[in-house]
Amino acid sequence: MSTVTTHVTKTRRNTELVLLAFAIGIVLLAYANVGMAVQDTVPADLGTLGIGIGVLALVFHLVLRWRAAYADPLLLPIATLLNGLGLVMIHRIDLAKGEDISEGFALRQLEWSALASIAAMVLLVLIKDHRLLSRYTFTLGLTGLGLLLLPLLPVIGKNVNGSRIWIGFGGFNLQPGEIAKITLTIFFAAYLVQTRDALSLVGRRVLGFPLPRARDLGPIMIAWLASLGVLVFQKDLGSSLLFFGLFVAMLYVATERRAWIAIGLTLFAVGTVVAWKLFAHLQERVTLWLDPFAPGQSDQIAKGLMGMAAGGMFGTGLGQGRPEETYYANSDFIMTSFGEELGLIGVMALLVLYALIVERGLRTGIGARDGFGKLLATGLAFSLALQVFVVVGGVTRVIPLTGLTTPFMSAGGSSLLANWVIVALLLRISDQARRPDVQESGNASIGQDETQVVKVR
Amino acid sequence: MSELTVTAIRLGLLALLWAFVFSVVGVLRGDLYGTRVLARRGSGGSSTPSRQEERRAPRAIRRGPTHLAVTEGSLRGTTVPLTDAGVLIGRNPECALVLSDDFASGRHARIYRRDDGWYVDDLGSTNGTFAGNQRVGQEFKLDVGSRLRIGQTVLELRK
């Protein structure tokens, strides 16, 4: 004899708390390891740092208990762990350059981490239902475009390393493209939910491909061409690849037409060939990709590869390798720094953690009850996956190197802010997705209830 | 700090990283299953004689269906073994297959064994048990692949 019960959704907040403590423990151990290897002592500020991170994580956890009790229990611990390990590595590279915690990148990154997670908490408190966002479809789309255009403005725009993707005012630098990524994802999701039926059903077939009407596709094409055009003028090919991939993936998910993937890949192939012919710096990147060890060119990739080779299977151990030899060892090349010091085993663990975040995002998309939530969660998860692929693929010579930040780990405030906002949005959607139906939880039948005024807005 | 300590911490860090990954995956497993089957207390004692009986079961039974699968409804994906004691279906918690279906009765139907195969009895349910379009009464014979509809739930006998 056996009984069968439907799966009762638990909030699993306690699981989250345990995993969060585990994640912070790993980060503190890594920090202690760096101190022991570099300075021969356990760092004096280990306790203060631990309490600081612990309090921040605990507050976030309590905000979730308060405002999104059914949110996914895994997102916060994984994001905390990745962010913390990134911090440790940035601090370790500061130490190698002879900079103390007060003068290097690490302190600023710590401040940004705190700011980003506070921003994520504020977002969770303010937005009680992600569907609110779909009300501002075009506002958010235009905001995204505006943010993308900002760096092209004369006074505040800044040219850094050949890309014009920064804005700065009073010693405070930001990459608005990172935030634009999120607002444009929301725009795509909200717009595609409204028009997906028209997109997939109405229209003519051209060469066996069903093409939608121009008026359905118009706004999205404009948004896409504008964002791509802007990115080409700003010479930031990594982001343009990210936007394009995100766009194609969301169209595919919304319409369930495989034709979009074929069209997207064709457009992508044509686009890369054209861009390769047009831009000298892209040609450089391709030669560097095909032959990173050739003399007379940048040895950044080569140094990264040699670092990872030096790490081998188990790594040299935190603080015992020489990852600082590579330029941008704490941002674009942070993965090779980890490869050198934690080895293949450590890097694989990090990649699995990214995969798990993405899986949680896609699972949230499956569980979400509304089309907008589904598309938004899928889009956000896919953008994270694509970003990790582009940056890790770039430094490991799978694809040509394009400048993108490694989510949660790279030094850089805007990227951290954007990724924590993504986590907040996914948490919000997953809360809605996992929350049990009202009919299931309430035992009284609907007919016995008193008539109520339902608040629509 | 000695070399040994640093090495131990370094390897410990890697081990902990993977321990974290595996504990996360462990939590993930909960996602895979929509329903949960719990064995009732006391089933361990009765399992031995029933296994002996199974060995003695006539040919028609041995070649017939072995379990009942829910193919539609809120419990979709659940399977219940067909035991000699029979399977009682309904909303009542004492049933072997407890349906959370508003259109099912407390004790809705019973599937039981005879020497020549499996049969279903409708236990006087309000909304009826259906095989195809036909409302089932008493002693309705079932085969592998037979489908029964109870409220919004569809059951299928499988081998």
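In this predicted model, A:A309 is exposed because 10 other C-beta atoms lie within 10 Å. A:A309 belongs to helix α11 of chain A. Helices (DSSP runs of H or I, at least four residues) and strands (runs of E, at least two) are numbered from the N terminus. Although A:A309 and A:G339 are 30 residues apart in sequence, their C-alpha atoms are 8.2 Å apart in space.

Residues are numbered from 1 along each chain as its sequence is written, while chains are lettered from A and ligands numbered from 1 in the order in which they are written. As this is a predicted model, local features need pLDDT of at least 70 and side-chain atom pairs count only at pLDDT 80 or more, whereas totals for chains, interfaces and linings use all residues.

Helix α11 of chain A spans residues 300–311, and A:Q300 is in it. Is A:Q300 exposed, partly exposed or buried? A:Q300 counts as partly exposed because it has 19 C-beta neighbours inside 10 Å. Leaving aside residues up to four places away in sequence, A:Q300 touches A:T326 and A:Y327. Such a contact requires that the C-beta atoms of two residues, placed from the backbone, lie within 7 Å.

The view may now widen to the whole of chain A. Its secondary structure comes to 15 helices and six strands, and buried residues make up 47% of its 457 residues. Of the contacts in chain A with a separation of 6 or more, 70% are between residues 24 or more positions apart. One of the helices is α1 of chain A, which covers residues 13–39 and has 27 residues. From its first C-alpha to its last, this helix reaches 38 Å, close to the 39 Å expected at 1.5 Å a residue; the expected span is 1.5 Å times one less than the number of residues. Just after α1(A), A:D40 takes a positive phi of about 65°.

Next come the nonpolar cores. A nonpolar core is a set of buried Ala, Val, Leu, Ile, Met, Phe, Trp, Tyr and Cys residues joined through C-beta atoms within 7 Å. The largest has 126 residues, and A:V27 and A:M250 have the most contacts inside it. Helix α13 of chain A, residues 371–395, gives the most to this core, with 15 residues. Apart from this core lies another, of 23 residues, including B:L68, B:L99, B:A109 and B:V136.

Chain B has three helices and 12 strands. Of its 159 residues, 26% are buried. Among its contacts between residues at least 6 apart in sequence, 43% join residues at least 24 apart.

Two strands pair if DSSP finds at least two bridges between them. Strand β8 of chain B, residues 129–131, pairs with β9(B) over two bridges, and B:Q134 in β9(B) is the bridge partner of B:A131. β8(B) also pairs over two bridges with strand β11 of chain B, residues 147–150, where B:I150 is the bridge partner of B:T129. Four bridges then join β11(B) to strand β12 of chain B, residues 153–158, with B:L148 standing opposite B:L155. β11(B) and β12(B) form a hairpin with two residues between them, and B:G151 in the turn has a positive phi of about 60°.

An unreviewed UniProt entry annotates residues 87–136 of chain B as "domain: FHA"; such annotations may be inferred rather than shown by experiment. This span is 0% helix and 46% strand, and its end C-alpha atoms lie 16 Å apart.

Finally, confidence is considered. pLDDT is the predictor's confidence in each residue, from 0 to 100. Chain B averages 79, and 79% of its residues score at least 70. Within chain B, confidence is lowest in helix α2 (residues 43–56), at a mean of 44, and highest in helix α1 (residues 3–28), at 90. The model scores ipTM 0.86 and pTM 0.76.

Technical notes:
A residue is buried if 20 or more other C-beta atoms lie within 10 Å of its own, exposed if 12 or fewer, and partly exposed in between; C-beta atoms are placed from the backbone.
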